[in-house]
Amino acid sequence: MSNFNWYKYSSPATFYGLAGKMIPWFYGVAALLCVAGLYLGLFLAPTDFQQSDAYRIIFIHVPAAWMAMVIYVVMACWAALGLAFNTRLSFMMASALAPTGALMTFISLWTGALWGKPTWGAWWVWDARLTSELILFFLYLGFMALQAAIDDPRRADRAGALIALVGVVNVPIIYFSVRWWNTLHQGASVSVTKSPSMAAIMLAGMLVMALAAWMYAIAAALSRARSIILEREKNSQWVAQMVEGEA
Amino acid sequence: MNTLQIVIVLLRRELMLAMRRRGDVLTVLFFFVIVASLFPLGVGPDPKLLRLMGGGVVWVAALLAAMLSLGRLFASDHADGTLEQLILTPTPPVIWITGKILAHWLVSGVPLILVAPVLGVQFGLSNEALGVLVISLLLGTPVLSLIGAIGAALTLGLRGGGVLVSLLVLPLYIPVLIFGAGAVDGAMSGLGSEAHLSLLGGILILAFMLTPWAVSAALRISIE
């Protein structure tokens, strides 16, 4: 293992094959974990005495919200790697992650609204967590819109990477400013921070679902990266050979 | 030429260009006034409500006006090739970028600060709150120019650049809006505005240190 050449897979051609082999596994594990997590969450976990069965949406909501944040940081890491080492694959991974991240943010906002209506009596409150999640969604949209507006892939990669880095520096500032803003304007006093102690089985279900979300995100990002590779390298030798081999 | 002289030469050039195109400056200023005047028409003339909203409305209008003026920052210099010449000069880009951003703030930020008290009076803000509004704008509008410069540099020469800038830059403006409007709110409610103003000052220092580097990287990406 010591003389294994990691750099081999920074070439899009070799990475394309590797990702192709890995994707079914990640999707498979994601599906298994998802079934297990949903079984834990929907059948085994007891009904909450305060929120009745409405709380069960956290098995989707919390993993999605976690992934939304994690993916932004991972995306910024790929962007930084790309700018530092000038590797095309890093940029491709960053742009492959963005749609999944935006999807996770959207799911967490949507399920949050579905949970808020029976529990708080409102689809939306200007709570600190909701607001910062919404801003995170805007940051994803900005990243994708910038990349979509630039035709030259090299410039699109680097411009996107820079805005991802600027965004990740700003995320903590935005998060804390929104939190202080919320505590000062405490009109509708809803506390999400004071969560009731959770039964172990609920926690287990949530963690399994979080793992499933990780696996799904990796698989989705890899398959999107494969499409990006094909699109960018369509004029290269190895793609032509691969297409001929399949035909 | 030392650093200070370079910045002064650049400032003089930018200000002269702005003076010869006074219409641009005035457009942004009137946009600011009109946006602020739309709010009472939208929510009704109740003085109590307007007094509560005043600080926030003026700040939102300032955000939008600052964003609108970003197109001017690099676009014309990019179109006539000045920007490439500036990049080719031996002066470190961070220096002339800081100069350009400073000039942009003088031309688009300072007029807003001068007009803001008038809008504040229209919303029935107290005298103390008017003072805080001006101070918060003094600390906050340079941040708007600094952060906005990153967006302007990244979208240089793109189709639909103006709309794109708003998507990139407005989420990043949110902390400035929160603390700026919060300071005015604090003055109105008697809670005090020192904490908000200190945080705004902190953001200004941070932005002043970091953004010129980001802008310089962004310009290199857009021009190469």
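Modeller: The contact takes 22 residues from chain A and 20 residues from chain B (contact: C-beta atoms, placed from the backbone, within 7 Å). This is a predicted model, where local features need pLDDT of at least 70 and side-chain atom pairs 80 or more, while totals for chains, interfaces and linings use all residues. Residues are numbered from 1 along each chain as its sequence is written, with chains lettered from A and ligands numbered from 1 in the order written.

On the side of chain A that touches chain B, the elements giving two or more residues are helix 4 (128-149) and helix 5 (153-184) of chain A (helices: DSSP runs of H or I, at least four residues; strands: E, at least two; numbered from the N terminus). Helix 5 of chain A gives the largest share of that side, 13 residues. By class, the side of chain A that touches chain B splits into 17 nonpolar, three polar and two charged residues (Asp, Glu, Lys and Arg are charged; Ala, Val, Leu, Ile, Met, Phe, Trp, Tyr, Cys and Pro nonpolar; the others, Gly among them, polar).

Of the contacts in chain A between residues at least 6 apart in sequence, 79% join residues at least 24 apart.

Over in chain B, the axes of helix 1 (residues 3-20) and helix 6 (residues 93-122) of chain B come within 9 Å and cross at roughly 40 degrees. That makes helix 1 of chain B oblique to helix 6 of chain B (under 35 degrees is roughly parallel, over 145 roughly antiparallel, 65 to 115 roughly perpendicular, the rest oblique). Helix 1 of chain B brings B:Thr3, B:Ile6, B:Val7, B:Leu10, B:Leu11, B:Glu14, B:Leu15 and B:Ala18 to the contact. They meet residues of helix 6 of chain B including B:Ile95, B:Trp96, B:Lys100, B:Leu102 and B:Leu106. That contact of helix 1 with helix 6 of chain B counts 12 nonpolar, three polar and two charged residues.

Helix 6 of chain B has another partner, helix 9 (residues 194-223) of chain B: their axes come within 9 Å and cross at roughly 105 degrees, which makes the two roughly perpendicular. B:Pro93, B:Val94, B:Ile97 and B:Thr98 of helix 6 of chain B touch B:Pro212, B:Trp213, B:Val215, B:Ser216 and B:Leu219 of helix 9 of chain B. Seven of the residues in this contact of helix 6 with helix 9 of chain B are nonpolar, two are polar and none is charged.

Key. Axes fitted to C-alpha atoms, helices over the stretch in contact; angles between N-to-C directions. Contact = placed C-beta atoms within 7 Å.
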